[in-house]
Amino acid sequence: MIAAPQRLILAGGLLFALLALVATAAPWVAPYDPEAFEPSRVMGAPTLAHPFGSDVLGRDVLSRVIHGLRVSLAVSLAAVAISLVLAVPLGLVAGYFGAWVDSAISRTLDMILVLPAMLLAITFIAILGPGSIVATLAIAVIYLPILARVMRTSTLVVTRHEFVAGARARGASHLRVLLGHVAPNALGPVIVQASILGAFALQLEAGLSFLGLGVQPPTPSLGGMLAEGRDVLTVAPWVEIFPGLAIVLAVLAFTLLGEGLRRAFDPKGVAE
């Protein structure tokens, strides 16, 4: 029998792979141009030709959902990747050296952590302007202290092990101990946390686009589609329902994958 963590990883991985494949192949999979107007199909109900119906400008909802999913996944994955690249060395150094190095890094990151995520993102975008790149950077900054703290905690646990003390006793340099012994054994909980944060990053991107602060029209985005469909929810609910379902499926994929990885590689809950 397949263990519960493996089932979660398999289910989340397959769902994520399917969504990523559809998003990557959006220009070829989408049946219509997502920005093409069709006046005769304004708020058209779902049909065989337009399975998800049409929006208030007659644009094909299925094509826009596919392209919007592509943007949302790209922003959320890029944001988490940037956070990881910055958080891993910061947390590693803070946890390994401790003392004033730990205090300096931790207190700086705490200044970011105390601010509400959406407020910090809005402030960031208000300074630099809206857009997918700025939204990516804003989300990366928001999750940087979370991943760094997880890496720091994991590093503190690993540095107590005898193999680290043995490496030091053999005269290994700090850099060699960090890269050869501590980092490989401390990365597990951080990867778990990053996969879970992918779901939150996607929701945050959708929220920013919903407010008009993320991806800018005419580029389709799932959050932007939700904003466009809220005024016609009672007469054309498909304009709102299908982008929402796409967000739910993407968040579910991240959550299943993250929970499966947590149970498999972080049974003691270090990443929590």
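**A close look at Ile 139**

Modeller: When its neighbours within four places in sequence are set aside, Ile 139 is in contact with Val 75, Ala 79, Ser 83, Ala 201, Leu 204, Glu 205 and Leu 208, where contact means heavy atoms within 4.5 Å. This is a predicted model, in which local features need pLDDT of at least 70 and side-chain atom pairs count only at pLDDT 80 or more, while totals for chains, interfaces and linings use all residues. Residues are numbered from 1 along each chain as its sequence is written, and side-chain values use heavy atoms, leaving out hydrogens and water.

Ile 139 belongs to the largest nonpolar core, which has 42 residues. A nonpolar core is a set of buried Ala, Val, Leu, Ile, Met, Phe, Trp, Tyr and Cys residues joined through side-chain atoms within 4.5 Å. Buried means under 20% relative accessible area, exposed means over 50%, and partly exposed lies in between, with a 1.4 Å probe and protein chains only. Together with Tyr 143, Val 182 and Leu 208, Ile 139 is among the residues with the most contacts inside this core. At least two core residues come from each of α3 (61-97), α4 (99-113), α5 (117-128), α6 (132-159), α7 (162-169) and α8 (174-210). Helix α6 gives the most, with 13 residues. A second, separate core of 24 residues includes Leu 15, Met 225, Trp 238 and Ile 247.

Helices here are DSSP runs (H or I, at least four residues), as strands are (E, at least two), numbered from the N terminus. The protein has 10 helices and zero strands. Of its 272 residues, 47% count as buried. Among contacts between residues at least 6 apart in sequence, 72% join residues at least 24 apart.

Leaving aside neighbours within four places in sequence, Val 88 is in contact with Met 151, Leu 187 and Val 190. Val 88 and Ile 191 are 103 residues apart in sequence, and their C-alpha atoms are 10.0 Å apart in space.

Charged side chains also link parts of the chain. The structure holds seven salt bridges, each being a side-chain nitrogen of Lys or Arg within 4 Å of a carboxyl oxygen of Asp or Glu. In one of them, Asp 55 pairs with Arg 64, with the closest N and O atoms 3.7 Å apart. Asp 55 is buried because its relative accessible area is 4%, and Arg 64 is buried because its relative accessibility is 2%. Arg 59 forms a salt bridge with Glu 228, the closest N and O atoms being 3.4 Å apart. Arg 59 lies in the loop between α2 and α3 and Glu 228 in helix α9 (residues 222-229), so this pair ties together parts that are 169 residues apart in sequence. Arg 59 is buried, with a relative accessible area of 7%, whereas Glu 228, at 29%, counts as partly exposed. Glu 228 also meets Arg 64 in a salt bridge (3.8 Å, N to O). That pair links helix α3 with helix α9, its two residues being 164 residues apart. Through shared partners, Asp 55, Arg 59, Arg 64 and Glu 228 are joined into one network.
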